Amino acid sequence: MSAVTALNRNNTAVKRIMQEARELANDPCPDYHAAPLEDDIFEWHCTLRGPPGTEFEGGLYHFRILLPAEYPFRPPSLMMLTPNGRFELNTKICISFTNYHEEEWQPAWGVRTAILGLQGFFPLKGQAANGVGSVEYPVSERKRLAQQSREWMCPRCQISNLECLPGHPVKDKAPSESPSDTQGGSTTQMEMSTVSLERSLTNPDQPSSPETSPPELAVHDQERASDESNHVSVNRAHGSTLRPPLLLDTAICVLLVLVVGLLCRRVL
């Protein structure tokens with residue numbers, strides 16, 4: 001960012017913006033990508049993934065985040081750039097956390113709050129969806145725009161939405177995709193299966209673990225049963241050795257009672 005050097009780093013807004021830029025860079029989210037412009041840190045560009053389970057699923061939407069000089073004490077403004085069928089283009093959107101409702105903004109909120117809030121406003125319908133910058137397109141048209149939005153390119157960033165936010169392929173893609181288009185988890189499972197297959201081919205005579213485990217478990221069970229029987233026999237023997245002292249103590253107590261009774265009779 002060449003223009004950052006000319007800014008006053010002691011300014012509250014500049015410090016806050018730089019802090020949020022570092023946080024978003026160090027902790028990226030698969031649902032969006034946002035960063036300030038190199039020549040103006042008060043303007044951010046963000047690519048947002050359409051909310052799943054809606055007509056916007058699979059779409060990628062690029063919009064501007066304009067931060068005021070008093071940020072974070074005043075809210076940002078949002079302007080959609082990608083055709084979407086939900087918000088007007090190049091128009092400041094009226095949402096509760098934007099410049100249209102400064103009384104509801106809280107300084108603890110930030111750019112991430114605005115991004116997630118905008119994503120939550122996409123599927124709203126009816127009266128809740130009304131406001132400045134909102135439009136009502138048919139569901140079929142929104143789905144068509146969602147498909148086209150992936151290849152849309154920002155004239156300022158000079159990069160397509162799909163390049164800015166790759167991954168999460170659309171569900172209706174053909175299953176005969178190349179291995180390079182699959183997710184990392186699927187690749188790892190394929191590698192593990194390959195290793196297991198290679199081991200079984202290189203050692204065909206070696207028994208597998210399920211075949212060797214039953215004898216080992218049987219020996220272990222026999223040893224455990226033997227130990228339990230020995231433990232029970234020891235406890236029984238120990239219990240038998242405890243019985244004579246108990247009877248002897250009882251007899252002594254009875255004799256003492258008799259002696260005390262006899263002494264009392266003689267005294268009286």
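Helices (H or I, at least four residues) and strands (E, at least two) are DSSP runs, numbered from the N terminus. By this assignment the protein has 6 helices and 4 strands. Their order along the sequence is α-β-β-β-β-α-α-α-α-α. The model is predicted: local features need pLDDT of at least 70, side-chain atom pairs count only at pLDDT 80 or more, and totals for chains, interfaces and linings use all residues. Residues are numbered from 1 along each chain as its sequence is written, and side-chain values use heavy atoms, with hydrogens and water left out.

Of the 268 residues in the protein, 30% are buried (under 20% relative accessible area; exposed is over 50%, partly exposed in between; 1.4 Å probe, protein chains only). Contacts are heavy atoms within 4.5 Å. Among those with a separation of 6 or more, 55% link residues 24 or more positions apart.

Strand E3 (residues 60–66) is mostly covered, with 6 of its 7 residues buried. Two strands pair if DSSP finds at least two bridges between them. E3 runs antiparallel to strand E2 (residues 43–49), joined by 7 bridges. Here Leu60 of E3 is the bridge partner of Arg49. E3 also pairs with strand E4 (residues 77–80), antiparallel, over 4 bridges. In that pairing Ile65 stands opposite Leu78 of E4.

Helix H6 spans residues 209–267 and contains Ile252. Ile252 counts as partly exposed because its relative accessibility is 41%.
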